[in-house]
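Here are my notes on the model, as numbered points. Have the coordinates open while you read.

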Amino acid sequence: IWLVVLGALAGFLALAEDVWNKDIMDGDQIGYALISSLSAIPGMTDFVRTVTHLGDPAAYVVMTLIMLTLFRHKHITRGIILNIINVGLLNIILKNILQRPRPLVAASGFSFPSGHAMGSLAFYGLFMYLIYLYVPNRKLRWAGMLLMAIIIGCIGMSRIYLGVHYTSDVLGGYFISLAYLIVYIRITRHYYDKQKEDLHD
């Protein structure tokens, strides 16, 4: 698992170096061309504008309340809240270090790494882990995990489609958030395992 962490960090640092040096990335143009071509699908723009809000702070609040209802354990909810606070602070720090301008002047804040990409992978990725850990029905468990993965992917895609992030912003956000989330889960895994029996009582 630590090879995955190192690989994700290497991917992030490679992109961050190009951003720092203000290099032009061909992947940004290719990614945008591919994803923007989806606009030919009827209703795609409305779908993307809706799904991008799943990466907003308000969506995390709603999902946290849902988790509290499902798991009925305040300590797990605190862990979820701490997770999103951690990744939010990490995103702010990285953006202010690299200070990459947005593709669209109208969009506020810096661009790299994407906050929506980082937040969605950290938040819904942890939710995916909790589903894997606590949902006993195998089909329901894998269906829930797949849904979380789709949500994460769609949020990242929506940021590129809407032109508020470069492709490398989203990929960089995914890379650093994956590395962070694995470390966070490894640190807190023992606690979640310890609470598993209580949640099923």
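1. Let's begin with a serine. Ser-168 is buried, since its relative accessible area is 3% (buried means under 20%, exposed over 50%, partly exposed in between, with a 1.4 Å probe and protein chains only). Ser-168 belongs to helix α8, residues 167-200; helices here are DSSP runs of H or I with at least four residues, numbered from the N terminus. The side chain of Ser-168 makes a polar contact of 2.7 Å with that of Arg-100. By polar contact I mean a pair of N or O atoms within 3.5 Å; within protein, one must be able to donate a hydrogen and the other to accept it, and residues adjacent in sequence count only if both atoms are side-chain atoms. Setting aside residues up to four places away in sequence, Ser-168 touches Leu-15, Met-25, Asp-28, Arg-100 and Phe-112, where contact is heavy atoms within 4.5 Å.

2. A word on what you're looking at. This is a predicted model, with local features needing pLDDT of at least 70 and side-chain atom pairs counting only at pLDDT 80 or more, while totals for chains, interfaces and linings use all residues. Residues are numbered from 1 along each chain as its sequence is written, and side-chain values use heavy atoms, with hydrogens and water left out.

3. Now Phe-12, in helix α1 (residues 2-20). Phe-12 is buried at a relative accessible area of 5%. Beyond its neighbours within four places in sequence, Phe-12 contacts Leu-94, Phe-112, Pro-113, Gly-172, Phe-175 and Ile-176. Also in α1 is Leu-6, which is exposed, with a relative accessible area of 54%. Leu-6 and Ala-179 sit 173 residues apart in sequence, yet their C-alpha atoms are 7.5 Å apart. For Phe-12 and Val-62, 50 residues apart along the chain, the C-alpha separation is 30 Å.

4. Do check the loop between α5 (74-98) and α6, where Pro-113 lies. Phe-112 and Pro-113 are joined by a cis peptide bond, with omega about -10 degrees. Gln-99 is in the loop between α5 and α6 too, and its phi is positive, near 50 degrees, in a residue other than glycine. Gln-99 counts as partly exposed, at 44% relative accessibility.

5. Back in α5 we find Ile-80. Ile-80 is buried, with a relative accessible area of 1%. From Ile-80 to Met-67 is 13 residues in sequence and 8.9 Å in space, C-alpha to C-alpha.

6. Next comes α6 itself. Ser-114 caps its N-terminal end, with a side-chain oxygen 3.4 Å from the backbone nitrogen of His-116. Of the 20 residues of α6, 17 are buried, so the helix is largely enclosed by the rest of the structure. The length checks out: at 1.5 Å a residue the 20 residues should span 28 Å, and the end C-alpha atoms of α6 are 28 Å apart (the expected span is 1.5 Å times one less than the number of residues).

7. How do α6 and α7 pack? Helix α6 (residues 115-134) and helix α7 (residues 138-161) meet at an angle of about 180 degrees, their axes 9 Å apart. That makes α6 roughly antiparallel to α7. Axes are lines fitted to C-alpha atoms, for helices over the stretch in contact, and angles run from 0 to 180 degrees between N-to-C directions; under 35 degrees counts as roughly parallel, over 145 as roughly antiparallel, 65 to 115 as roughly perpendicular and the rest as oblique. The contact residues include Leu-121, Tyr-124 and Phe-127 of α6 and Met-145, Met-148 and Ile-152 of α7. The residues of this α6 and α7 contact divide into 12 nonpolar, 4 polar and 2 charged, taking Ala, Val, Leu, Ile, Met, Phe, Trp, Tyr, Cys and Pro as nonpolar, Asp, Glu, Lys and Arg as charged, and the others, Gly among them, as polar.

8. α7 also meets α2. Helix α2 (residues 26-36) packs on α7 at about 100 degrees, with axes 9 Å apart, and the two are therefore roughly perpendicular. Here Gly-31, Tyr-32, Ile-35 and Ser-36 of α2 meet Met-157, Ile-160 and Tyr-161 of α7.

9. Last, the ends of α7. At its start, a side-chain oxygen of Asn-137 comes to within 3.1 Å of the backbone nitrogen of Lys-139. After α7 comes Gly-163, with a positive phi near 80 degrees.
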